[in-house]
There are 2 protein chains.
Amino acid sequence: MANTFKEASTEEINQIMQRSHAAFEIFQKKSIEEKSTFIDTIADEIEALGDELLQKASAETNLPIPRLTGERARTTSQLRMFAAMLREGSWVEANIDTANPERTPLPKPDLRKMLIPLGPVVVFGASNFPFAYSTAGGDTASALAASCSVVVKAHPAHAETSEMVYGAIKKAIAKCNMPDDVFQHVHGNSFESGKALVQADHTAAVGFTGSTAGGKALFDYSAQRKNPIPVFSEMGSINPVIFLPDTLQKNAADLATQYAGSITLGMGQFCTNPGLLLAVESPALHSFLDHLSSGIEAVQPAKMLHAGIHSAYEKKSHAALAQAGVKVVQQAATAAQDIEALPTVALVSGETFLANPLLHEEVFGPYSLMVSCKDEQELVTILKSVSGQLTVTVMGTADDLNSHTKLVDLLPSIAGRILFNGVPTGVEVCASMVHGGPYPATTDSRFTAVGINAVKRWVRPVCYQNWPDSLLPLALQNANPLNIWRLVDNEWKK
Amino acid sequence: MANTFKEASTEEINQIMQRSHAAFEIFQKKSIEEKSTFIDTIADEIEALGDELLQKASAETNLPIPRLTGERARTTSQLRMFAAMLREGSWVEANIDTANPERTPLPKPDLRKMLIPLGPVVVFGASNFPFAYSTAGGDTASALAASCSVVVKAHPAHAETSEMVYGAIKKAIAKCNMPDDVFQHVHGNSFESGKALVQADHTAAVGFTGSTAGGKALFDYSAQRKNPIPVFSEMGSINPVIFLPDTLQKNAADLATQYAGSITLGMGQFCTNPGLLLAVESPALHSFLDHLSSGIEAVQPAKMLHAGIHSAYEKKSHAALAQAGVKVVQQAATAAQDIEALPTVALVSGETFLANPLLHEEVFGPYSLMVSCKDEQELVTILKSVSGQLTVTVMGTADDLNSHTKLVDLLPSIAGRILFNGVPTGVEVCASMVHGGPYPATTDSRFTAVGINAVKRWVRPVCYQNWPDSLLPLALQNANPLNIWRLVDNEWKK
């Protein structure tokens, strides 16, 4: 859907980032209670928008209301999780090494370390999560929790929804007496505006969720700066799923039901959509494919997020299906209309897959490629050949795991999250979640975009040497006024 | 000193990195006790080289034996610190979120997270620390502690010293039954060998200590890879020191003694050398400069590390002194011979400094520039104008701090370590140390090159979802067999 918001110019963007920096200097000095109340209030104000927000988002993205209701709940609980993290306080990783003036040959100084914010963060929201990874989504919530100011570039595919959420944030800013520019909202469709946001002097870090091409472009813009800055792009993934023989033999029908659902959930428009299915050739595999076909056949095509995503799906799925050796296993029985996606499962041999890099590429949508391997060795070779992934999943029985230790050992090297007997779609928001992985899943595998550790992308450690106690940040003062966990002379204490 | 070691070709480097990856796969499966014993044994074997190592290093680097004796102790204690960190075990940041099958609308899965190694790490050692930041220095020690294999490119200025340390590591490999290629050692003087090491398929991360140009080149080589990898370059810094008026008035002589020592310690060849001194114009400032002059005048010039560093010092210090408005305050009385450095302090006005970017550049050696500011506002403007720093120091009394809160508030934004009433030279190795800072101090301000947190550069989190307990890494198993601190359902437990 085309929107009519005015594109920000490079000059405007530089001014926006300058204002963001000025607001950052005020915001970072607010108390923990003021900051956490502000983040909670954003959640409240989003809820206060009521059904109108859901209707607007549904109109812009074609996502159904129940899905958007769930995503809104996730977005507000994510905000409140970061507010709670601030109040608990230990996330700053306070370390204290006390002085030893008697040490020879040199006295030991007093050293104290904690995490501090990087500065203004630019967030590029995702088209497929108009709430949870967009305007007030995980990147914004974690950056505000880090005491960074935020500038969001609204995703053009849901710019009006983004404006509504921005309105909620503005209300929270006013209610909580925060600097107006602690959160700013810009529109832009062009490469120029993205480049200007990444390259503005005052931009300190960038968060992005979207395509590999887009995420890599932002990474390159940063590398071209006179002072490169952290860019965390969460990009593509084909999320391999391995079906081991014993479970295929015993549970073909159940596995097929589970995966027909996961492949087509939300018309496959998830970063964690299972795009690559792997198994060793066997009669049980064909039984699984028969069951999977029934599942896929029955799925009702639905509209994709926008025309651009739909045409990319058409183009990429047709290109994949046109490769030599690739056979369609099943498509949905109902024809796709307008910008609807046609759910599709295809089949190829391990040998052909290994020889054709195009088949390793993500087809964003309800598409999955089953690779039938001649033996376990070929399956392992395929796993080693795929690039970095957000997730990798193994479906198996206890017997399967015991007889495939080499394969199982390999999994952590491939992805940020490894799953057993589940589906990769559905990303829990908690401390243990890793929504990340080796390139090109993300531009830096050392961080996660989901869960409380997402805040670590926007902070850096600072060490205070022999600093007077009263001038130290509260987190580092002797009396531990925040009552947080700290590593003091190598012991954890509260 | 020219060495005769053969330059590794690109093809050889690709093979070296392939072997490094094969060794990594074996090494990472060794037990914690095996790995920590290996790291301890490297320290033992370095000590077993005895005085011969010190003599070789002194001959290659011109550093005196007492300094090298101290640096060797730092290197071995650093290795043992990482071995102790492994045995304690909590550094893996284990998080557990237990399942809740009753949750609606969707059951909550069991999620567990810990840090795992990135893979083979390439280390480019520093010329100025032949032990502590070279072959078995902080980058190597932290990478081995992370369970990464290591390939060191020997610094050509102390290639024979590096060979000796490599010999010690080889003995430790044999004694501890580690894979031969867990540590490899290559020689190379050319850009090509550095580029090949960064761009080899199997290289997973890079550690570098040295010049801004060198560190940035490695960063750019990585950005050009089809899959960019983490590059941590610790580069230049001018380490500003602010002298506040009350302490200048009261302690001019003592401050001058302290700083004449710090500026010329090790002929100024430290990353943390105080290259920029800042104060507001006053009679006390001139009294301080008079005292500082006496100190500098008396310093005996000594040989720099090698001819290349000496000629760079000559060139950069002469260029700085030739700038309009820059006056020599004092140089050492004894003339510099051969590749000796001539200790030098210069003076410039705040206005001139602000207008001339060349004066903001590091002059690596015993050189420091005093900037006389017309008022506090100008001093703050100067602090905001300098680029990212490893350290920033404030010298002051309690009164000084109380009357300069704006300036003091600014300091954490500039550097990785902020000091009060001390000298930046001397980097303590402990949990609270941050040897890092915003670009160009390093290529990523979110990490440190010194202290136990240096290990974080070489690891990434992995999440295990619904994984069978017996197949989990020990750090994540229910029974907590390693007895480490873990965040379990958002509570710290052991």
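The model is predicted, so local features need pLDDT of at least 70 and side-chain atom pairs count only at pLDDT 80 or more, while totals for chains, interfaces and linings use all residues. Residues are numbered from 1 along each chain as its sequence is written, chains are lettered from A and ligands numbered from 1 in the order in which they are written, and side-chain values use heavy atoms, with hydrogens and water left out.

## Chain A as a whole

Let us begin with the big picture. Chain A holds 15 helices and 17 strands; these are DSSP runs numbered from the N terminus, with helices (H or I) of at least four residues and strands (E) of at least two. Its radius of gyration is 24 Å, close to the 23 Å from the globule rule for 494 residues, so chain A is as compact as a globular protein of that length. The radius is taken over C-alpha atoms, and the rule is 2.2 Å times the number of residues to the power 0.38. Along the principal axes, the C-alpha atoms of chain A fill a box of roughly 75 × 60 × 40 Å.

How much of chain A counts as buried? The share is 63% of the 494 residues, where buried means under 20% relative accessible area, exposed over 50% and partly exposed in between (1.4 Å probe, protein chains only). Among contacts in chain A with a separation of 6 or more, 77% join residues 24 or more positions apart; a contact means heavy atoms within 4.5 Å.

Two packed helices are described by the angle between their axes and the distance between the axes. The axes are lines fitted to C-alpha atoms, for helices over the stretch in contact, and the angles run from 0 to 180 degrees between N-to-C directions.

| Helix pair | Angle | Axis distance |
|---|---|---|
| Helix 2 (residues 32-48) and helix 4 (residues 65-88) of chain A | about 170° | 8 Å |
| Helix 7 (residues 191-199) and helix 8 (residues 212-223) of chain A | roughly 45° | within 9 Å |
| Helix 3 (residues 51-61) and helix 4 (residues 65-88) of chain B | about 120° | 10 Å |

Helix 2 and helix 4 of chain A are therefore roughly antiparallel to each other. Angles under 35 degrees count as roughly parallel, over 145 as roughly antiparallel, 65 to 115 as roughly perpendicular and the rest as oblique. The contact of helix 2 with helix 4 of chain A has 8 nonpolar, 3 polar and 8 charged residues. For these classes, Ala, Val, Leu, Ile, Met, Phe, Trp, Tyr, Cys and Pro count as nonpolar, Asp, Glu, Lys and Arg as charged, and the others, Gly among them, as polar.

Helix 7 and helix 8 of chain A are oblique to each other. From helix 7 of chain A, A:Phe191, A:Gly194, A:Lys195, A:Val198 and A:Gln199 meet A:Leu218, A:Tyr221 and A:Ser222 of helix 8 of chain A. By class, that contact has 4 nonpolar, 3 polar and 1 charged residues.

In chain B, residues of helix 3 including B:Leu53, B:Leu54 and B:Ala57 meet B:Ile65, B:Leu68, B:Thr69 and B:Arg72 of helix 4. The contact of helix 3 with helix 4 of chain B divides into 5 nonpolar, 4 polar and 2 charged residues.

## Buried places in chain B

Which residues of helix 13 (residues 376-385) of chain B are buried? They are B:Glu378, B:Leu379, B:Val380, B:Ile382 and B:Leu383. These residues pack against several elements of chain B, including strand 8 (240-243), strand 12 (367-373) and helix 15 (405-410).

B:Ala136 sits in the loop between strand 3 (121-124) and helix 5 (138-145) of chain B, and is buried with a relative accessible area of 3%. B:Ala136 and B:Leu79 are 57 residues apart in sequence, yet 8.1 Å apart in space, C-alpha to C-alpha. Leaving aside residues up to four places away in sequence, B:Ala136 touches B:Leu79 and others, among them B:Ile42, B:Phe131 and B:Val165.

## Backbone details

A:Ser147 counts as buried at 8% relative accessibility, and B:Asn239 counts as buried at 0%.

The peptide bond from B:Thr104 to B:Pro105 is cis, with omega near 0°, and B:Pro105 is found in the loop between strand 1 (95-97) and strand 2 (111-117) of chain B. A cis peptide bond also joins B:Tyr439 and B:Pro440, with omega about 5°.
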